[in-house]
Amino acid sequence: MRHFTNVKDLGDLNIALKEAFEVKANRFGYKELGKNKTLIMIFFNSSLRTRLSTQKAAMNLGMNVMVLDINQGAWKLETERGVVMDGDKTEHLLEAIPVIGCYCDVIGVRSFARFENKADDYEEKIINQFIQYSGRPVFSMEAATRHPLQSFADLITIEEYKKTARPKVVLTWAPHPKSLPQAVANSFAEWMNETDYDFVITHPEGYELDPKFVGKARVEYDQRKAFEGADFIYAKNWSAYTDPNYGKVINTDRSWTVDAEKMALTNNAYFMHCLPVRRNMIVTDEVIESPQSIVIPEAANREISAQVVLKRILESL
Amino acid sequence: MRHFTNVKDLGDLNIALKEAFEVKANRFGYKELGKNKTLIMIFFNSSLRTRLSTQKAAMNLGMNVMVLDINQGAWKLETERGVVMDGDKTEHLLEAIPVIGCYCDVIGVRSFARFENKADDYEEKIINQFIQYSGRPVFSMEAATRHPLQSFADLITIEEYKKTARPKVVLTWAPHPKSLPQAVANSFAEWMNETDYDFVITHPEGYELDPKFVGKARVEYDQRKAFEGADFIYAKNWSAYTDPNYGKVINTDRSWTVDAEKMALTNNAYFMHCLPVRRNMIVTDEVIESPQSIVIPEAANREISAQVVLKRILESL
Amino acid sequence: MRHFTNVKDLGDLNIALKEAFEVKANRFGYKELGKNKTLIMIFFNSSLRTRLSTQKAAMNLGMNVMVLDINQGAWKLETERGVVMDGDKTEHLLEAIPVIGCYCDVIGVRSFARFENKADDYEEKIINQFIQYSGRPVFSMEAATRHPLQSFADLITIEEYKKTARPKVVLTWAPHPKSLPQAVANSFAEWMNETDYDFVITHPEGYELDPKFVGKARVEYDQRKAFEGADFIYAKNWSAYTDPNYGKVINTDRSWTVDAEKMALTNNAYFMHCLPVRRNMIVTDEVIESPQSIVIPEAANREISAQVVLKRILESL
């Protein structure tokens, strides 16, 4: 595997899951792979889990790691070609990317949707420029439309906790005060569609995701009905995808908050969320602190998904 | 030793000092201890010495280190339970702490007094949540009421420089334009009270420290009288502890600045300060540049105190 | 070699170049040199290439690296002696420098010209204080008047690409909206003057560099004439050096932008720039994207110049 930006890059998911459990059982068993290899992690946006878990995964593999926070201690970057650069941006991505590629063997990039131009976001303009110009393997640490390291960790977690071969998994929209990308929801749907789980998406009218990601999922506008018999509730906020509301918050209805009364409709479902989560907006204190909440083991699996991805990239060098 | 937040965690100080001198003589002699072990250092506040010395100590022990500056490249954290998180804080400590614990073996935390709520500060709400929820050994890199890595380094330094078995050690308040925590002063007093040194605290009226930390120390309001015959002058500013002035600057009287004329009252005392120090407020250029100033060797011992603490934590894993 | 701030520190350039090519062919061949050695990189200013390439070079040599961004997570530093520190600066360089020296074996410093006081800048007040007070070998990661790691990388690059023994190398001023230091231009001139290349400097009236750096170079005010027959065009903006305009932008004439029409006057010259570069101010998209542009291999050689410097410092410890 050279680049990792979506589920297809990983190939057969059963093989990938097997590899994940091997890595989890023996994190330091592949330390020679990363010897004298350097990872550069580039953040255009904030990060806690991704920053720590990816770095940990790289160190497990014996790699050196450098972290670059764009706009904190580095130069501001221009991303448009043809611009007369007489403003506040000091460097162009077209130089910065190949330069970064000079000093490392693998590049991880985090760059969220900007909500300035839907086509730019959905064409994954930033990460694709890294793939095109860096000369190095590139993996997504959350791009404009997908967060595949998260989705892979989600899949690992569901496999660890599922009680039936084909669990019912429900992705539910939940309210949030600010405009968030669709990346986690898109990506989760993309990965669930690659499994044979019973997969349902529920959200208010106007929050329809890109059909490319919805795929074969059932969409249910009645959250309670969606929750019935569910084995996993995966909560997430996202802003509107559909024009003319792209990137807008059109609803903050707290009746969509995941609470104990709604969880009682499920088949004693596990509660999942990618974190960070806003308590008492997305989910009540009661539910997230309940024994059915598996948000922490889910986060812990971020180290494993990152390590499988880095391991495969290192093996391909 | 699992956690390290105060002098009691270290047990017998003579044994700890012996270990410190062993480590100082052989910094790289324990490198196998930290193999495949990861330290995460979390800073809610700025740091220079603590950042560098603790990281150096961990690397001496062969550990991997990740540094997380909260509010710089990470999410803003909510610390109160029950809040509807619809403001600027994106994540709750109750998720962030156990997540951080997933990716490491040891956690160091710096979190100063906030002066919003005296009880919260003096109950050490932040670091205690890390101890309670992280599932990992936690050590203080300066908490709301204590700075034990500093105090341990101070003790090592006094032991290295003392000329008599029972030196006279004076902690003197000195002026400063801004409101500073009592942590360094509290902690220094706590540690000195565990020795048999002749320990005196001097400060203006209104700057009384928490009696829990003052302990058996003699308090002297006349700075000159306190300095008489002293072997070590330990200068530090702190804001008021006593209500209703908690956290306030009630005095910036520069007659309390440590200068050469006052140092002449001592028994040719060494001058100490934890740094950073504001020159010509806390101490004159002349005194801090004099041969009796041992602020640099004192700072150098921060690497040693951190290494002893990390070594003991690693040994207990 | 103990310190590295200018071309003279490197001694014979032919020997240094030979060492550079050896290091480039065998980056991990000197890994034992840096074992248990720690580099602290201190940034008073932003950095991308220097940050990554120097860290990479140190890791190639097996060193541990700590990065300190002053004013980001550390304290603000006072640089003047005798000040009553009652403002926003928390620590004095006179303490910070020897303290930093306690926790490492080698120090790299980036500190640009501040344009507050020409004498302070041209006496290299900041980096010289590090040399004087740190007790450690110090190297420049760009100081007020020179950027020797860049110039060394430039020299390596010219040696790799030159087609004649004595190429014509032209340093050309180009327009920029903000006030930039003279460091890169000074330093490039200083290094070129140590070679037997045919070296020409071209700039508008009023942009004369310090004669100390111009040395034996030919100065040509007609940019087109300067470009004739050139083998290498090295573009860079700098602000005025000459009083009373020190540090000022006195010209943003875009007729000085390097474009294809001017490049056609040369002997099919290579285009060089230290980066970051403002496109369509300094150079057109067309020229920087042309096959003659060698800005990326030039940047890649920053790892090599840093590794030679660190290797020599480590050998001298």
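## Contacts within and between chains

Searching the whole structure turns up 66 salt bridges over all chains. Please keep in mind as you read that this is a predicted model.

**Two domains in chain A**

How is chain A divided by the domain assignment? Domain 1 of chain A takes in 7-146 + 302-316, while domain 2 of chain A covers 150-298. Their C-alpha centres lie 26 Å apart. On the domain 1 side, 26 residues are in contact with 31 residues of domain 2 of chain A.

Between them, domain 1 and domain 2 of chain A bury about 2400 Å², and 64% of that lies on carbon and sulfur atoms. Which residues of domain 1 of chain A lose the most area to domain 2 of chain A? They are Phe115(A), Lys118(A) and Tyr122(A), which together make up 29% of what that side buries.

Three helices of chain A, H1 (13-25), H4 (118-122) and H12 (295-316), each supply at least two residues of the domain 1 side that touches domain 2. H1(A) provides the largest share of that side, six residues. Sorted by class, the domain 1 side that touches domain 2 of chain A has 16 nonpolar, two polar and eight charged residues.

**Where chain C meets chain B**

Now for the contact between chains. Here 30 residues of chain C and 34 residues of chain B take part. The area buried between chain C and chain B is about 2900 Å², with carbon and sulfur atoms giving 60% of it.

Three salt bridges are counted between chain C and chain B, and eleven residue pairs are in polar contact across this interface. The side of chain C that touches chain B draws two or more residues from each of strand S1 (38-43), strand S2 (64-69), strand S4 (91-92) and helix H3 (93-102) of chain C. Which element gives the most to that side? It is H3(C), with six residues. By class, the chain C side that touches chain B has 15 nonpolar, nine polar and six charged residues.

Here are some individual salt bridges side by side.

| Salt bridge | Closest N and O atoms |
|---|---|
| Glu194(A) with Lys8(A) | 3.0 Å |
| Glu95(C) with Arg279(B) | 2.8 Å |

**How the copies are related**

Finally, what rotation superposes chain B on chain A? The rotation is 120°, with 0.0 Å of shift along its axis and an RMSD of 0.0 Å. That is the relation of a three-fold axis. The copies use different surfaces, as 3% of the contact residues of chain B recur in chain A.

Conventions
Residues numbered from 1 in each chain as written. Chains lettered and ligands numbered in written order. Predicted model: local features only at pLDDT ≥ 70, side-chain atom pairs only at ≥ 80, totals over all residues. Heavy atoms only, no water. Domains from an automatic or database assignment. Contact = heavy atoms within 4.5 Å. Buried area = accessible area lost by both parts, 1.4 Å probe. Salt bridge = Lys/Arg side-chain N within 4 Å of Asp/Glu carboxyl O. Helix = DSSP H or I, 4+ residues; strand = E, 2+ residues; numbered from the N terminus. Nonpolar A, V, L, I, M, F, W, Y, C, P; charged D, E, K, R; others polar. Polar contact = N/O pair within 3.5 Å; in protein donor to acceptor, adjacent residues only side chain to side chain. Least-squares fit on C-alpha atoms with pLDDT ≥ 70 in both.
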